[in-house]
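I opened my notebook to look through a new structure, one part at a time. Here is the structure I had on screen.

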Amino acid sequence: ENLVYDVVVIGAGGAGFAAAVSAHDAGAKVVMLEKMPTVGGNSLISGAEYAAADNWVQRKLGITNDSVELHFQDTMKGGDNLGDPAVVRTMVEGALPTARWLVDTIGVEFQEDNVFHFGGHSVKRSLIPKGATGAEFITKFMAAVEKRSIPIYTDTKATELVKDASGRVVGVKATLEGKDYTFEANRGVIIATGGFAANVEMRTEANPFYGAGFKTTNSPAAMGDGIRMGVAAGGVAVNMDQIQTYPMCDPVSGAIELIDDARFEGAILINQEGKRFVEELERRDVMSKAILEQTGKYCYALFNEAVEKRSHAITHHQDEVEVFTKTGILKTGKTLDEVAAAFDIPVENLKATVARVNEAAKTGKDPDFNYRGKFSDLSTGPYWIYRGVPSVHHTMGGLKIDTKAHVLDKNGKPVPGLWAAGEVTGSTHGSNRLGSNAYTDIMVFGRIAGEEAAKAEPVK
Ligand code: ADP
């Protein structure tokens with residue numbers, strides 16, 4: 001079989017798809033390699049909100065106080081200035097044009113009447129795809145790739161980059177059904193293999209704190225393969241110790257708890273002692289850290305009918321309720337005595353906590369933790385209470401890239417023939433990736449990587 005292409009894209013998640021389509025449209029013969037039986041990676045299971053300053057939906061809603069500069073400041077500050085300013089600048093500047101490209105060229109549909117406000121962003125600026133998941137992107141990308149006849153090899157795991165005598169990356173070794181193949185890349189290889197949140201060993205090596213004690217919200221494919229391959233080919237990895245947890249996840253599976261929507265509408269977080277310990281609408285990293293400081297490194301969320309009426313957390317997520325009831329993570333009770341007994345929480349503490357929240361619901365002020373949402377009165381049941389733990393959600397570290405998505409070596413020079421985009425890279429989010437900046441990152445740099453690799457001088 002003749003496996004000769006201009007551009008080989010490793011990984012068929014959001015970054016890989018953006019790279020493949022843009023390389024094709026720039027004139028290259030492209031192939032995609034995907035180690036799983038199906039495409040999409042974490043990009044598919046994500047909420048897939050997309051941050052873009054000064055976008056068309058904001059304008060419709062009368063939000064006029066946003067700017068690319070503000071998005072830049074938010075991103076740098078949100079990551080404690082560990083991101084590369086030039087790379088962050090490229091991301092925020094590319095955000096809106098790339099959103100337009102997604103709509104016009106790929107056919108992605110965004111909700112035209114709402115944008116979300118994620119933690120760490122100064123304004124509501126995050127576009128929401130139709131259906132509010134990554135399926136909208138991945139189905140549209142699949143159609144775009146089919147239309148262009150770009151081949152995708154699934155069940156095909158890239159294992160190693162191939163270099164020629166001059167040190168240029170010229171191909172990828174991969175295994176399919178136990179056999180080894182080499183895909184030749186005349187112009188370039190793009191690594192788009194995602195992060196390493198599912199790789200306990202690699203997490204432990206990068207930051208022992210986030211080792212075996214944590215589960216992950218990620219696809220099991222997020223094993224950091226691309227970081228290892230890129231480093232073996234001379235690239236450097238940066239910010240590897242920066243690992244993000246999502247605060248309220250299923251202690252059994254590690255997945256994000258969808259019923260935790262209740263927290264946005266007045267559910268309170270309490271520890272095993274029945275006391276509140278953090279503001280329920282804090283940044284992900286701050287909340288996670290606070291939970292880990294509590295007895296058992298977990299906490300509970302408690303709410304009643306009044307909160308359920310506002311959030312529909314239970315009615316919207318019946319499948320999850322069924323599973324959590326079976327595993328014992330979620331319990332219900334008519335009274336506070338019942339819910340306290342269900343999880344062995346000292347009932348007098350719980351009653352005192354609820355009394356203070358009721359007071360805050362009345363006055364609109366929470367002197368204890370400055371809750372910035374609106375509390376409901378929690379004096380009457382029925383109640384729901386569920387346990388949650390932080391789970392590894394995003395790995396900020398990865399291959400160092402420049403503004404052209406070139407993988408850089410230890411001298412800051414591009415590794416010839418090699419580009420990278422998406423969670424596999426480490427130059428954007430610093431210490432803490434803001435919600436909805438991941439999709440922006442993977443799309444903007446996927447697109448750049450595709451264009452750049454396509455216009456490289458061919459090997460032959
Ligand atoms: P991003 O958000 O950066 O696009 P995703 O997690 O969405 O990352 O996608 C990464 C994709 O790369 C996943 O579909 C994953 O299965 C795939 N992948 C990871 N490692 C390899 C590998 N060694 N060979 C081929 N595909 C890989």
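My entries below go from the domains to the helix pairs and then to a sheet.

**Entry 1: the domains**

I reminded myself that this is a predicted model. I looked up the domain assignment, which gives domain 1 as 4-197 + 396-454 and domain 2 as 246-392. I then checked the centres of the two domains, taken over C-alpha atoms, and found 35 Å between them.

How many residues of domain 1 are in contact with domain 2? I found four, and they touch four residues of domain 2. On the domain 1 side, I counted one nonpolar residue, three polar ones and no charged ones.

**Entry 2: α1 with α15**

Next I went to helix α1 (residues 14-25) and helix α15 (residues 437-454). Their axes come within 7 Å and cross at roughly 35 degrees. I noted the crossing of α1 past α15 as right-handed.

I listed who takes part. From α1 I found G14, A15, G16, A18, A19, A20, V21, S22 and A23. From α15 the list includes Y439, I442, M443, F445, G446 and R447. Sorting the residues of this contact gave me 13 nonpolar, five polar and two charged.

**Entry 3: α4 with α5**

Then I turned to helix α4 (residues 68-78) and helix α5 (residues 85-106). I read an angle of about 135 degrees, with the axes 9 Å apart.

**Entry 4: a three-stranded sheet**

Last, I looked at an open sheet of three strands with antiparallel pairing. I wrote down the strand order as β3-β5-β4. Which strands stand at the edges? They are β3 (50-51) and β4 (110-116); each has a single partner strand, so one side of each is left without a neighbour in the sheet.

I also followed β4 to strand β5 (residues 126-129) and found three bridges joining these antiparallel strands. One detail I could pick out on screen is F116, which stands opposite S126 in β5.

Technical notes:
Residues are numbered from 1 along each chain as its sequence is written. This is a predicted model: local features need pLDDT of at least 70, side-chain atom pairs count only at pLDDT 80 or more; totals for chains, interfaces and linings use all residues. Domain bounds come from an automatic or database domain assignment. Two residues are in contact if their C-beta atoms, placed from the backbone, lie within 7 Å. Ala, Val, Leu, Ile, Met, Phe, Trp, Tyr, Cys and Pro count as nonpolar, Asp, Glu, Lys and Arg as charged, and the others, Gly among them, as polar. Axes are lines fitted to C-alpha atoms, for helices over the stretch in contact, and angles run from 0 to 180 degrees between N-to-C directions. Helices (H or I, at least four residues) and strands (E, at least two) are DSSP runs, numbered from the N terminus. Two strands pair if DSSP finds at least two bridges between them. A crossing is left-handed if the near helix is turned anticlockwise from the far one by less than a right angle, and right-handed if clockwise.
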